[in-house]
Amino acid sequence: MRRYLENHYFMAAGMAFLSSLIVAGTLSLFDGLFSDWENKTLDYRFRLRGSIPVDPRIVMIDIDDQSIGKIGRWPWDRTYHAQMIDILSESGVAVTGYDILFNSKTGGPDDNALITAIAKAGNIILPIGFDLEKGRDLLNAKRAVGPFDALAKAAAGMGHISSNQDRDGIIRRMPLLVNTGEPLAGGNRAGGHLFPSFSLGILAGYFQVPSNQITIEPGKEIALLGPSNLDMRIPIDDAGMMPINYAGRWVTTFTHFSFANILDAWDNGEKASLANLLRGKIAIVSNTATGYDLKPIPLEPAHPGGGIHANAINTILTRQYLQNSIITTWVMAFVLSLLEALALLRTQPWMGVGAGVLLAATSLFFAIGAFHWGIVLSTLPPFLAIAMTSAIGLLYQHGRAADQVKSLLVEKERLSKSLAEKVHALEALEKKSEQDTNPTREKEKQLRGEKQQLEKQWAACLPIKLRDDLSEKDLEGLMRACNDDHKIVTRSPVMLKIFDAVKRIAQANSTVVIYGESGTGKEKLAMAIRNLSQRQGKPFISFNCGALAPGLLEDELFGHEPGAFPNAIKTKIGRFEQANNGTMFLDEIGDIELQSQVKLLRVIQEGEFERLGGVKKITVDVRLIAATYRNLSEMVQSGTFREDLYYRLNVIPITLPPLRDRKEDIEPLCHFFVENFSKENNKKVKRISPKAMERMQSYAWPGNIRELENAIARAVALAGDEEELTDADFSFIPVSSSGNTITPAKQTSSPPVLNTPTVGFLSDTENEFLETLMKNKLDMKKTAKDKGLNNYNAITGRLKGICFKTLAYIVNDQNRYINDSDMAAAVSHLCGAGANGDIKEGMKEKINEYHNNHLQKVEKYPEMDLAVRALIHEEWNTNTPVEYKKDYEALIRQYFLTTRRRPAMFKPGSSGF
């Protein structure tokens with residue numbers, strides 16, 4: 001026995017046999033899984049093989065989109081079908097399979113015309129539909145849907161069009177004969193209770209084979225015996241089904257004629273040409289128009305039903321049958337397992353595993369090659385047999401190698417001791433030979449080199465790119481997901497590609513930075529990332545970093561302990577603690593001061609912090625999503641943003657395009673906001689007029705979606721009982737010939753409604769403030785009293801900030817600085833259409849005063865960054881609210897960029913990730 005065990009060939013044969021036996025038993029237990037796998041591999045073999053020659057006798061008459069467009073909406077008047085049957089008959093077609101179910105009468109003369117044409121032709125095969133179920137041998141037909149009786153009697157024959165779909169819905173086999181259980185009215189039948197498929201019925205009509213000359217031997221063949229010594233034998237399986245050898249994709253196989261083109265050719269007198277093309281052919285008329293009778297096959301997901309029967313006919317006529325060779329499959333599995341066992345027994349284990357991979361690939365190539373000759377080899381048995389042999393062989397080798405391992409461990413211990421001695425000797429030698437006189441400088445040089453190398457790797461490591469290979473179907477699915485699941489209203493391809501990328505990165509725990517102008521929907525996208533991640537349902541904390549000084553910012557983010565500062569009488573939980581195990585969204589992160597950036601970096605890097613006034617370390621697990629309208633990279637270069645924080649944040653960058661670059665979103669957004677605000681305000685508004693929509697489309701929307709939302713909200717709130725918002729309802733939106741330039745709103749003949757400000761980009765609080773100011777005729781003290789304030793300077797500071805915001809809004813994206821036209825536009829924006837001349841004049845004086853003071857200050861500075869740092873610090877020591885800091889900075893930069901022609905500041909684009 002020991003001698004046999006030491007014989008590699010004997011052991012290899014035993015392992016191969018045992019592996020094949022185990023695999024065969026496993027596959028018999030999981031037959032469904034096995035069949036699904038083999039079906040999928042069969043589909044891939046079809047695709048790899050490509051198209052094959054087709055029988056020239058088969059022609060397809062397509063009721064295609066072109067025909068629908070010419071003749072009219074489906075279903076057609078049956079006189080068109082009668083005319084087509086007459087044309088095909090007169091053109092000498094041998095047999096016609098008319099794959100249209102005329103299952104009910106219309107009650108008109110067109111029925112008689114169709115019956116007459118079919119009876120006159122004498123070679124028309126009509127379809128009938130069955131519900132099929134598994135029987136003892138063949139499939140059993142249940143409920144039938146077929147042509148009405150008079151039409152069935154006029155036909156030369158009928159065939160069922162019930163294709164057999166596998167579990168994945170794909171049609172790979174055709175039931176050539178089914179068991180009806182009882183005779184069916186109308187048409188010819190094969191063998192009494194056996195009914196042919198549409199394809200077999202067409203072939204029987206073509207070769208003029210009567211039903212009693214069609215015989216079947218289940219599991220072996222169907223025979224067609226006819227005149228001229230016809231003896232056609234078709235191989236089938238136990239259920240009477242024939243595997244279809246698909247010749248190729250629909251558009252690349254068979255000869256196709258458009259239904260409408262044949263009618264036109266006939267009407268134009270081209271009868272001889274049609275006869276030359278159609279004489280003696282097998283014609284199949286079927287509906288191939290988009291959305292009609294399309295079924296999945298191995299080569300494509302939407303294939304016309306008539307094409308499936310054409311492929312079945314072609315398989316039979318060309319005798320290109322697909323033969324399942326089970327014996328060959330298992331012989332190949334055993335031989336390859338034997339070779340794998342020999343490789344494992346006679347070589348190193350890793351070489352044996354490598355040989356197994358090579359043998360598995362060989363079996364796959366062999367199966368692909370055999371398919372070109374119509375032989376279908378199963379791919380799973382060889383794969384599993386090789387894998388099982390590898391497992392058995394490795395276990396056997398492991399047992400045999402136990403003694404060798406013991407001796408190798410002893411040798412390894414000796415070698416380890418020798419290596420330790422060598423390392424100790426080398427360290428001593430290096431200390432003696434060290435001669436570096438400036439180690440700190442050398443270390444710095446080394447670190448800089450390492451950093452540059454890492455920066456190159458970091459820059460080259462893009463986490464994700466927008467896909468350019470998304471189909472229309474993919475985009476439609478993404479659009480539904482955006483609109484329905486995440487309330488992101490868009491049809492923009494760029495936005496849909498961004499959302500597709502977001503779906504791919506959402507499951508990661510990496511930090512995300514969303515770049516984009518204010519109002520582009522950065523927070524919406526951040527919520528979508530949270531909802532698509534594993535943190536769905538966990539806290540989502542949103543916080544704007546741009547409105548608070550450093551001390552207040554840290555208090556909001558990290559909280560405080562009692563006594564941390566005056567009036568701190570109890571513990572306050574910060575936003576990071578609230579977001580624990582969830583997601584934190586930090587908006588306008590580029591506005592955080594440097595001293596606060598250090599603490600934020602520590603939270604990102606270590607996941608811990610202390611509350612203000614506390615010493616206890618608090619650990620949190622938070623996924624951070626940040627957003628900004630600034631270019632953080634340029635801020636790093638200018639020293640206003642920490643480089644280490646930039647690298648920690650900018651792991652996954654996303655850039656949202658502004659609304660002006662995705663104008664296809666304006667219309668759906670308008671409809672969305674109209675519907676929402678109509679419900680909220682109990683209004684009847686349902687739509688926007690075409691002219692008003694033109695105004696919306698031509699406007700540049702500097703405030704993006706937020707401005708559009710405010711504009712719709714205002715228009716709906718002020719609407720009466722009408723169902724449509726007209727152009728007059730949006731008169732406050734500036735009209736522009738180019739769509740990129742903001743001009744003062746034109747006066748309209750519509751009556752003024754209050755003195756409500758018309759600036760759609762301002763917040764509700766700002767609009768309410770301006771409304772009170774207009775009502776008090778710009779009286780600061782009275783406005784302060786109405787607001788419950790003792791110091792009217794706060795009112796002055798608020799108005800100054802709103803003026804800065806309006807001027808920055810007007811000149812945004814312009815290649816010039818503020819001019820007289822812009823000042824007039826600002827007055828018109830702030831006062832509204834209903835303000836009188838005195839109020840407008842007073843507002844003009846205020847804006848001129850604030851702007852002139854601003855110019856006098858900014859002109860003193862030679863450089864933009866110096867002016868930004870100095871003037872913003874100076875301005876915010878006054879009563880101007882801190883929330884207008886970015887608008888004031890934008891005006892300073894606009895002055896230098898346009899007046900002194902400095903390089904343009906960064907504007908986030910739409911280039912993606």
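Guide: Two strands pair if DSSP finds at least two bridges between them. Helices (H or I, at least four residues) and strands (E, at least two) are DSSP runs, numbered from the N terminus. This is a predicted model, in which local features need pLDDT of at least 70, side-chain atom pairs count only at pLDDT 80 or more, and totals for chains, interfaces and linings use all residues. Residues are numbered from 1 along each chain as its sequence is written, and side-chain values use heavy atoms, with hydrogens and water left out.

Visitor: How do you know that strand 6 and strand 7 pair?

Guide: Strand 6 and strand 7 (residues 171-175) are joined by two bridges. The definition asks for at least two, so the two strands count as paired, in the antiparallel sense. Q165 stands opposite I171 in strand 7.

Visitor: What makes strand 6 and strand 13 edge strands?

Guide: The open sheet has three strands in the order 6-7-13, with antiparallel pairing. Strand 6 (164-165) and strand 13 (241-243) each have a single partner strand, so one side of each is left without a neighbour in the sheet.

Visitor: Which strands run parallel to strand 15?

Guide: Strand 1 (residues 58-63) is joined to strand 15 by six bridges and runs parallel to it. Strand 2 (residues 95-99) is also parallel to strand 15, with five bridges. In strand 15, I282 is the bridge partner of I58, and A283 is the bridge partner of T96.

Visitor: Why is strand 15 called mostly covered?

Guide: Buried means under 20% relative accessible area, exposed over 50%, and partly exposed in between (1.4 Å probe, protein chains only). In strand 15 (residues 282-287), six of its six residues are buried. Both faces are covered: I282, I284 and S286 lie on one side, with A283, V285 and N287 on the other. For the chain, 48% of the 913 residues count as buried.

Visitor: How do you know whether T389 is buried or exposed?

Guide: T389 has a relative accessible area of 0%. The cut-off is under 20%, so T389 is buried. T389 is found in helix 14 (residues 380-400).

Visitor: What does T389 touch?

Guide: Contact means heavy atoms within 4.5 Å. Not counting residues up to four places away in sequence, T389 touches M15, A16, S19, S337, E340, A341 and L344. T389 and A16 are 373 residues apart in sequence but 6.2 Å apart in space, C-alpha to C-alpha.

Visitor: Why is helix 30 called roughly perpendicular to helix 32?

Guide: Axes are lines fitted to C-alpha atoms, for helices over the stretch in contact, and angles run from 0 to 180 degrees between N-to-C directions. Angles under 35 degrees count as roughly parallel, over 145 as roughly antiparallel, 65 to 115 as roughly perpendicular and the rest as oblique. Helix 30 (residues 793-810) and helix 32 (residues 837-858) pack at an angle of about 80 degrees, with their axes 10 Å apart. That makes helix 30 roughly perpendicular to helix 32.

Visitor: Which residues of helix 30 and helix 32 meet?

Guide: T796, L799, K800, C803, F804 and L807 in helix 30 meet M843, K846, I847, Y850 and H851 in helix 32.

Visitor: How do you know that the length of helix 31 agrees with what it should span?

Guide: The expected span is 1.5 Å times one less than the number of residues. The 12 residues of helix 31 (residues 820-831) should span 16 Å, and its end C-alpha atoms are 17 Å apart, which agrees. Helix 31 is also mostly covered, with nine of its 12 residues buried.
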